[in-house]
Amino acid sequence: MMKARWWAWMGVGLGLVWSEPDLQARPAIMTVDQIRPGMKGIGKTVFHGTKVEEFGITVLGVLEGFDMGLDLILIRIDNGPVVDQGWGLCGGMSGSPIYIDGKLIGAIAYGLSLFPKSPLAGVTPIAAMLEAIASRERKDRDSAGRRSGPAAPSDAAAPAWRLRPRGRPLQLM
């Protein structure tokens, strides 16, 4: 169930990203290692009807290895209806694309609120989403060549999970 929900939100986010007028062009991307605290950008979402609206953001930092080893970009929403109306992060904003200098950095995935109306969000980096899609396509391609029927038992041991340091702690001031 959790996987299905994740794929659904990823589809929504990528749908917003590639629903711009030029459908053939893939937007330029910015990788996590290029992102620095204090960088300013914009997000795009639909608050009402079908009109895509922009809102300003500021990067607070990057949490390394946040979820299953994937990084998470922390942002603060600076303006737009979320701030003007005092809504905080809205549930329907998941999947909203975030851009810095016209380059796609990812899509909103988490609301990080210590207080209900705190406009803090976690952004899944676009590189992680593109890799997940490519991995799924490879898996589908590989499984298409196999014959159908019950899977053979695997002799391979389950992967060994281990905890690892996530880098410096984030300080919000």
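Two strands count as paired here if DSSP finds at least two bridges between them. With that in mind, welcome to this predicted model, where strand S1 (residues 40–46) and strand S4 (residues 97–100) pair in the antiparallel sense over two bridges.

**The barrel**

Let us step back to the whole sheet. Six strands make a closed barrel in the order S1-S2-S3-S6-S5-S4, and their pairing is antiparallel. On average, neighbouring strands of this sheet are turned by 45° against each other, direction ignored. As a reminder, strands of a sheet pair through backbone hydrogen bonds, either parallel or antiparallel.

**Strand S4 and its two partners**

S4 and S5 form a hairpin with two residues between them. In that turn, Asp 101 has a positive phi of about 50°. Some of the facing residues are listed here.

| Residue | Opposite residue | Strand of the opposite residue |
|---|---|---|
| Ile 42 | Tyr 99 | S4 |
| Ile 100 | Lys 103 | S5 |

Which residues cover the two faces of S4? Pro 97 and Tyr 99 lie on one side, Ile 98 and Ile 100 lie on the other, and all are buried. In a regular strand the side chains alternate between the two faces of the sheet.

Apart from neighbours within four places in sequence, Thr 45 is in contact with Lys 51, Val 52, Glu 53, Phe 55, Gly 92, Met 93 and Ser 96.

**Helix H3 across the strands**

Finally, have a look at helix H3 (residues 126–144), which lies across strand S3 (70–77), strand S5 (103–111) and strand S6 (120–125). H3 runs at about 45° to S6. With 19 residues, H3 reaches 27 Å from its first C-alpha to its last, close to the 27 Å expected at 1.5 Å a residue.

Where do the buried residues of H3 sit around its axis? They are Ile 126, Met 129, Leu 130 and Ala 132. These residues are on the same side of H3 because they cover an arc of only 155° around the axis.

Key:
Residues are numbered from 1 along each chain as its sequence is written. This is a predicted model: local features need pLDDT of at least 70, side-chain atom pairs count only at pLDDT 80 or more; totals for chains, interfaces and linings use all residues. Side-chain values use heavy atoms; hydrogens and water are left out. Helices (H or I, at least four residues) and strands (E, at least two) are DSSP runs, numbered from the N terminus. Axes are lines fitted to C-alpha atoms, for helices over the stretch in contact, and angles run from 0 to 180 degrees between N-to-C directions. Contact means heavy atoms within 4.5 Å. The expected span of a helix is 1.5 Å times one less than its number of residues. Buried means under 20% relative accessible area, exposed over 50%, partly exposed in between (1.4 Å probe, protein chains only). The arc is that of the directions from the helix axis to the C-beta atoms.
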